[in-house]
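Student: I'd like a close look at one side chain and at whatever it leads us to. Could you take me through it slowly, with the cut-offs for your terms as they come up?

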Amino acid sequence: MKLKTILFSIALMSSVYCRSQAPMTAGAERLLNYIEQHIVEVAEAMPEDRFDFTPDSLHISGSEFKNVRSFAGQMKHLATDNFFIWSAITGDEIPKDVEDVNGPANLKTKASIIAYLKQSFSVGHKAIKTLTTGNAMDMIPFRGNTLPRVDLAFYALTHANEHYGQLVIYLRMCGIIPPASRPDRPQ
């Protein structure tokens, strides 16, 4: 009888433990899906001939846009930082043609930049699948520091959101309504 009680207790504790893993991973995955969808939609909404757009080209009186990244530069930077951040969690290698946070210089076309962006988000999905309540606070080396695994995940999500805001402004400056703001968008 004692053995059955012990086995039942172990099974019950395992069930509770496994269920406690799902909310963190599920919540982070929802956030990543949300921001990924919005960023990819913004990338797809910008016409190829405007991918090199910078606000500096508008010569807005009183503004200061000198040396800001182009729309394509924003996308490449975001994707590259995705690789750096998420790969710190997964242990994956950074793409070989990455020299700095600005992304591979050889990516020039809208299609190649969007493919690179999507690839970077796939590493994010892989990283999120590794998150558990048991390892969330594990310290991981990143850019000369050590940070908890969960901090890196939140940093990647926050960084993507910051760039989403910039990309939306770039679209609007080109006269394009961002897909998430369109009145015909399904809710």
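Student: What does Lys 118 count as by its relative accessibility?

Tutor: Lys 118 counts as partly exposed, because its relative accessibility is 40%. On this scale buried means under 20% relative accessible area, exposed means over 50%, and partly exposed is what lies in between, with a 1.4 Å probe and protein chains only.

Some ground rules before we go on. The model is predicted, so local features need pLDDT of at least 70 and side-chain atom pairs count only at pLDDT 80 or more, while totals for chains, interfaces and linings use all residues. Residues are numbered from 1 along each chain as its sequence is written, and side-chain values use heavy atoms, leaving out hydrogens and water.

Now to the partner of our lysine. Lys 118 and Glu 44 meet through their side chains in a salt bridge, at 3.7 Å from N to O. This pair links distant parts of the chain, with Lys 118 in helix 3 (residues 110-130), Glu 44 in helix 1 (residues 2-45), and 74 residues separating them. Helices here are DSSP runs of H or I with at least four residues, strands are runs of E with at least two, and both are numbered from the N terminus. Glu 44 is also partly exposed, because its relative accessible area is 41%.

A salt bridge here needs a side-chain nitrogen of Lys or Arg within 4 Å of a carboxyl oxygen of Asp or Glu, and by that rule the count is four. One of them joins Lys 126 and Asp 92, with 2.8 Å from N to O. Lys 126 belongs to helix 3 and Asp 92 to the loop between helix 2 and helix 3, so this bridge ties together parts 34 residues apart in sequence. Lys 126 is partly exposed at 41%, and Asp 92 is partly exposed with 26%.

The side chains of Asp 81 and Arg 143 meet at 2.4 Å, N to O. Asp 81 sits in helix 2 (residues 71-90) and Arg 143 in the loop between strand 1 and strand 2 (145-148), so the two tie together parts that are 62 residues apart in sequence. Asp 81 is buried because its relative accessible area is 3%, whereas Arg 143 has 44% and is partly exposed.

Most residues other than glycine have a negative phi. His 59 also has a positive phi, of about 50°, without being a glycine; this histidine lies in the loop between helix 1 and helix 2 and is exposed, with 67% relative accessible area.

Leaving out neighbours within four places in sequence, Met 139 is in contact (heavy atoms within 4.5 Å) with Thr 146, Leu 147 and Pro 148. Met 139 is partly exposed at 49%.

Rings of Phe, Tyr and Trp (its six-membered ring) pair if their centres lie within 6.5 Å; planes under 30 degrees apart are stacked, over 60 edge-to-face, and the rest tilted. The structure holds four such pairs. Phe 53 and Tyr 170 have ring centres 5.7 Å apart and planes at 85°, so they are edge-to-face. Phe 53 is in the loop between helix 1 and helix 2 and Tyr 170 in helix 4, a link between distant parts of the chain, 117 residues apart. Phe 53 is buried at 4%, and Tyr 170 is buried at 6%. Phe 142 and Tyr 155 also form an edge-to-face pair, with 6.3 Å between centres and 65° between planes. Phe 142 lies in strand 1 and Tyr 155 in helix 4, so this pair ties together parts 13 residues apart in sequence.

Finally, a word on confidence. The chain has a mean pLDDT (the predictor's confidence in each residue, from 0 to 100) of 88, and 87% of its residues reach 70 or more. Over residues 12-18 the pLDDT is below 50, and this stretch has two contacts in the model beyond near neighbours in sequence. Where pLDDT is low, the predicted coordinates should not be read in detail.
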